[in-house]
Amino acid sequence: MAKQSLIGLFEKADSAADAMDGFNNGGYELGSFDVLTGTPYPEGAFGEHVPQHRLFRFPAFGAIVGFTLAVFLTAGTQIAYPLVTGGKPILSIFAMLIIMYEMTMLAGVIATVVGIIFESRLPNLAPGVYDKRITEGLIGVVVTVDNDSKVKDAQKILEKAGAIEVKHS
Amino acid sequence: MSKTDTNTHNKGHHLPPKNVPFNEITKDLIATTVTGSKKIKQISILLSILSIIGIIALIVKYFADHDDSTKWGYVAALISFLLSVGGGAPMVGIAPVLAKANWVRPVTRISAIFSLTGVSTLILIIPLMMMLPPLMVDGVRRRSIWFEGPIYSPHVWDYVALMGLVLTGLALFYSAALPDFAAMREHSSGWRKNLGKTLSRGWIGTDSQWRTLRMRIGMFGTFYFLILIFVNFLFATDFAMSMVPGWRDAIFPMYHAITSLQGGVAIVVASLWIIRKYFKLEKYIHVDQFWSLSRLLFALTLLWIYFFYSAFIVFWYGRSANDIAWIELLITGPMMWVFLTGAFFIWIAPWWWLIWNKVRRSVNGPIIGAILILIGLFLDRLRLFVTAWSVPTESIHEKYLKIIPELVLPNYLDILIIIGGISLAFLPVLLISRVIPVLSIWEVQQFNLLAKPIKYMKTHGVLVAKPD
C-alpha cells in the first residue's frame with residue numbers, strides 16, 4: 001500500500017496535544033506525525049518532537065568566509081601596493097575594519113538566506129493533506145502511515161482526542 | 001507567565017482589549033487588501049506620476065549640474081531623510097520582538113513594509129554617487145575613513161552596504177510574510193490568490209516551518225540592526241563629514257543613526273494611525289500600541305538633544321579655527337533658521353507634547369508628535385547635507401574651512417526631486433497593501449493566543465504568556 005496521510009482538525013489546542021500524545025504512545029515513528037497551525041504555538045506546546053536544526057551554522061559559516069575574504073582583500077592590496085602613511089604600519093587594522101565588517105555581514109546574510117531555503121523545507125512542492133481552516137484557527141494533526149490497519153488506528157486516535165473532522169489524502 | 005496590569009478603568013483608564021476569534025482576524029485582515037481599492041488606485045497613480053517626474057528631474061539635474069557638486073545638497077538631504085525614515089522603521093518591529101514584547105505584534109508588518117523604501121533609495125543615490133568627489137583630486141587626498149584606500153572606495157562600498165541593508169530588510173519582510181501569503185492563497189481570489197500561492201512556497205504551518213520562521217526573524221533582525229547602524233555610519237561620514245574640511249566628530253554618525261530610529265518610530269506611528277482609521281482596524285490596533293510607541297518616541301526625542309549637545313559642546317569649547325568654522329557652517333551660518341526651526345520640530349515641540357501622560361496614552365496624541373518629528377528630521381537633514389555639500393570641491397582637501405559658503409537655495413529641479421523621491425519611496429508601501437494585509441494575520445493571532453484580558457483583584461489586566 002502507498003503511503004497515506006490523514007489530518008485531524010481540532011478546535012482546541014489541548015485536544016490536538018492529546019492526539020499527539022496518542023501517536024507518541026501508540027508507537028508511531030517520530031517524524032511521521034506533525035501538527036499544523038495558523039500561528040506559532042510555544043515550542044513543545046503539543047508535546048511534539050523537536051528535531052535538531054543547523055540554521056545557526058549557516059550565518060556563522062558565511063560570516064567566517066566573508067571575514068576571511070575581506071582579510072585577504074584588504075591585506076593583499078596593502079601588501080601589493082605598500083604605501084607608508086603617517087608612519088602607520090602597512091597592515092593597519094583600523095583601516096581594514098570597515099571592509100572586514102561589511103563583507104562579514106553581507107556573507108552572513110547571504111548564507112542565512114541559503115540556510116533558510118534548506119531548513120524551512122521550502123518550497124514545499126508536495127504539501128500533502130491540508131485544510132484551509134487551519135489559517136482560521138483550527139489545529140491540524142497530520143499523520144502519514146503505510147498500511148491499512150495503521151490508517152484505522154490513526155483515525156481512531158484522532159477521533160478519540162476530539163477531532164471535529166478527519167480527512168484522508 | 002507574567003502579569004501586566006494595564007488597567008485601572010475605575011480611574012478613567014482604558015479596558016484591556018477583547019480577544020478576537022481567529023477566523024474573524026483572518027477575514028478582517030484579508031479584507032483590507034481590497035478595502036478602498038478605487039481610492040488607493042487613484043493615490044497610486046498620483047504617486048507614480050510624481051515619481052516619474054522626480055526621476056526625470058533627477059536625470060535633467062545630472063546633465064545640468066554634473067560639474068558642480070555644491071548644487072546636490074538637497075538630493076543628499078532627501079536620500080539621508082529616506083534612508084533615516086525607511087531604514088529606521090523596521091527596527092520598531094525588531095527590537096521589541098527580540099525583547100519579547102507582546103504589544104508590538106500588530107505593528108511588525110507595517111514597520112517591515114518600510115524596508116521596501118530602500119529600493120527607491122538605491123535608485124536615487126546613483127547620481128549622487130556619481131557626484132561624490134573621489135578621495136583624491138589633483139594629487140591631493142581628503143580626510144576620510146578610507147585612509148589610503150582606492151579613491152572610489154566610498155562609491156563602491158557605500159553602495160554595497162546599502163544593497164546589503166535593502167536585501168536584509170526585504171528578506172526580513174518576506175520571511176515574516178510567508179504565513180500570510182499562505183492565508184492569501186487560501187482565502188482570497190483572482191490574482192491575489194495566485195500570487196499568494198506562488199509566494200507562500202507551499203507553506204502549511206508545520207512545527208518545523210514555524211521554528212525556522214522564529215529563528216530567521218531573530219537572525220535577520222539582528223543582521224538588520226548591525227547593518228543599519230553601519231550604513232548610517234558610512235553615509236554620515238562619506239556624504240557629510242568628509243565633504244567639509246576639518247569636520248571631525250565621533251558623535252555625528254551615531255547622531256545620524258539615532259535620529260534615523262527617531263524618524264523610523266515616527267513614521268510607524270503615523271502609518272499605524274492612518275491604517276487604523278482608514279481600514280477600520282480599531283479591534284486590532286489598540287491604545288496600547290500608541291502608548292508604547294510614544295514612550296519610545298519620547299525617549300528618542302530626548303536622545304536627540306543629548307547627541308546634539310555632546311557634539312556641539314566639543315566644538316563650542318574647542319574654539320580652534322576648524323571648530324569655529326564648524327559652528328558657523330552648521331549652526332549659526334547660512335542655515336541658522338533651518339537649524340532653529342528643525343530643532344523646534346524634532347526636539348522642543350515633541351518633547352513638550354509627548355511629555356504628558358494623557359497625550360502618550362491616547363490614539364490621537366502620538367500622531368501629532370510623530371508629524372512634528374518627521375518635519376523636524378527633514379529640516380535637520382537639509383541643514384546638515386545642504387551646508388556640507390555647499391563646500392566647493394576645491395576646498396574639501398584643505399585642513400579646515402576658511403570661507404563659509406553662501407546659502408544654497410533649492411531650484412525647481414530640487415523641489416521636483418524631493419516630491420518625486422518621497423512619492424517613489426511611499427509608492428511600494430501603498431502598493432504592497434493590495435497584496436498582503438498591513439497587519440500580520442499570524443502575529444495578531446499570536447497576540448490573542450498569548451494575551452488574555454483578566455479581572456485582577458478590583459481592576460482589570462492582561463495576562464501575557466512568555467513561554468519561549
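A residue counts as buried when its relative accessible area is under 20%. B:Arg383 has a value of 2%, so B:Arg383 is buried. That is one residue of a predicted model, and the cut-off returns below.

**Chain A**

**Where the chains meet**

Chain B brings 50 residues to the contact, and chain A brings 46 residues. Together the chains bury about 4,500 Å² between them. Carbon and sulfur atoms give 69% of that area. Three residues, B:Trp157, B:Ile204 and B:Arg211, supply 14% of the area that chain B buries against chain A, more than any other three residues.

Polar links cross the interface too. The count between chain B and chain A is 14 residue pairs in polar contact. Which helices of chain B each supply at least two residues to the side that touches chain A? They are α1 (22-31), α6 (153-187), α8 (207-239) and α16 (441-450) of chain B. The largest share, 17 residues, comes from α8(B). By type, the residues on this side of chain B are 27 nonpolar, 14 polar and 9 charged.

The interface of chain B and chain A has 1 salt bridge. Its partners are the side chains of B:Arg214 and A:Glu43.

**Salt bridges**

Over all chains, the structure holds 16 salt bridges. The table gives some of them.

| Pair | N to O distance |
|---|---|
| B:Arg214 and A:Glu43 | 3.6 Å |
| A:Asp131 and A:Lys167 | 2.8 Å |
| B:Lys61 and B:Asp414 | 3.1 Å |
| B:Asp380 and B:Arg383 | 2.9 Å |

A:Asp131 and A:Lys167 link distant parts of chain A, 36 residues apart. A:Asp131 sits in the loop between α3 (93-119) and β3 (139-145), and A:Lys167 in strand β4 (residues 165-168). A:Asp131 has 6% relative accessibility, so A:Asp131 is buried. A:Lys167, at 25%, is partly exposed.

B:Lys61 forms a salt bridge with B:Asp414. B:Lys61 lies in helix α2 (residues 37-65) of chain B and B:Asp414 in helix α15 (residues 412-432), so the pair ties together parts 353 residues apart in sequence. B:Lys61 is buried at 0% relative accessibility, and B:Asp414 is buried at 3%.

B:Asp380 and B:Arg383 both lie in helix α14 (residues 365-389) of chain B. They are 3 residues apart, about one turn of the helix. B:Asp380 is buried, at 2% relative accessibility. Elsewhere, salt bridges that share partners join B:Lys61, B:Asp65, B:Asp68, B:Lys71 and B:Asp414 into one network.

Key. Residues are numbered from 1 along each chain as its sequence is written. Chains are lettered from A and ligands numbered from 1 in the order in which they are written. This is a predicted model: local features need pLDDT of at least 70, side-chain atom pairs count only at pLDDT 80 or more; totals for chains, interfaces and linings use all residues. Side-chain values use heavy atoms; hydrogens and water are left out. Contact means heavy atoms within 4.5 Å. Buried area is the accessible area (1.4 Å probe) that two parts lose on being put together, summed over both. A salt bridge is a side-chain nitrogen of Lys or Arg within 4 Å of a carboxyl oxygen of Asp or Glu. A polar contact is a pair of N or O atoms within 3.5 Å; within protein, one must be able to donate a hydrogen and the other to accept it, and residues adjacent in sequence count only if both atoms are side-chain atoms. Helices (H or I, at least four residues) and strands (E, at least two) are DSSP runs, numbered from the N terminus. Ala, Val, Leu, Ile, Met, Phe, Trp, Tyr, Cys and Pro count as nonpolar, Asp, Glu, Lys and Arg as charged, and the others, Gly among them, as polar. Buried means under 20% relative accessible area, exposed over 50%, partly exposed in between (1.4 Å probe, protein chains only).
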